[in-house]
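Let's take a friendly look at charged side chains and how they pair up. The model is shown below.

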Amino acid sequence: MAIDFLNTKQSSDILFSQQDKSVSPTAIFSSLAGTYRCLNDGTFSLEDCGTALSSVVGYSSQEIKDMFHNNLLELTLPEDRPEFLQKVAQQLTVGNDVELACRLYRKGGGVIWVLNKAHRVVSENGSEYLCG
C-alpha cells in the first residue's frame, strides 16, 4: 500500500523491541491497523485482509476470498505477476523488506497502481509472512 507503515513509531517498537526473539505476525499485523498479512507461499495467501486493502480495491474481504481465492497474486494483473514474483524473491534475498509497484484489480472492472511495501516476518513454526 502507499503508506509506509515500516517507519511508524509503533511498528518500529514492535519489530525491534524483542531482539533475538520471534515476533508474532499477529502482533505486527495488529499494530498496523488496516494492513494485510499474507503467507510467503508463492501465491501470497491472504490470512488477514485489512480495511486499507479492501478500500483501495473496492472489494470486501469476502469478495476477495470468493473471487481471488484470498491470494494477493490473483488480485494482481496477470501481466504484472512475473515481475511481482521476481522482485519479491530478489528483495528477500538481501533483506526482510519488499517494495514494488504493481497494478491490482478494482471492483467494477478498473485497475489501480499501488506501491506495495511489506516486511517479512517468520513465525515460531517457521512460516514466512509478508506484512504490508
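## Ground rules

For accessibility, buried means under 20% relative accessible area, exposed means over 50%, and partly exposed lies in between. Keep in mind that this is a predicted model.

Side chains of opposite charge can pair when their charged atoms come close. Here, the structure holds seven salt bridges.

## Linking helix H4 to a loop

Glu63 and Lys107 form a salt bridge, with 2.7 Å between the closest N and O atoms. Glu63 sits in helix H4 (residues 61–68), while Lys107 belongs to the loop between strand E3 (97–105) and strand E4 (111–122), so the pair ties together parts 44 residues apart in sequence.

How accessible are the two partners? Glu63 has a relative accessible area of 23%, so it is partly exposed. Lys107 is partly exposed too, at 43%.

Arg37 pairs with Glu47 in a salt bridge whose closest N and O atoms are 3.5 Å apart. Because Arg37 lies in strand E1 (residues 36–39) and Glu47 in strand E2 (residues 46–49), this contact ties together parts ten residues apart in sequence. Arg37 counts as buried at 8% relative accessibility, whereas Glu47, at 38%, counts as partly exposed.

Glu99 and Lys117 form another salt bridge, with the closest N and O atoms 3.8 Å apart. Glu99 is in strand E3 and Lys117 in strand E4, so parts 18 residues apart in sequence are tied together. Glu99 is partly exposed at 42% relative accessibility, but Lys117 is buried at 17%.

## A network

Which residues are linked in a network of salt bridges? They are Glu79, Asp80 and Arg103.

How values were computed
Residues numbered from 1 in each chain as written. Predicted model: local features only at pLDDT ≥ 70, side-chain atom pairs only at ≥ 80, totals over all residues. Heavy atoms only, no water. Salt bridge = Lys/Arg side-chain N within 4 Å of Asp/Glu carboxyl O. Helix = DSSP H or I, 4+ residues; strand = E, 2+ residues; numbered from the N terminus. Buried < 20%, exposed > 50% of the residue type's maximum accessible area, 1.4 Å probe, protein only.
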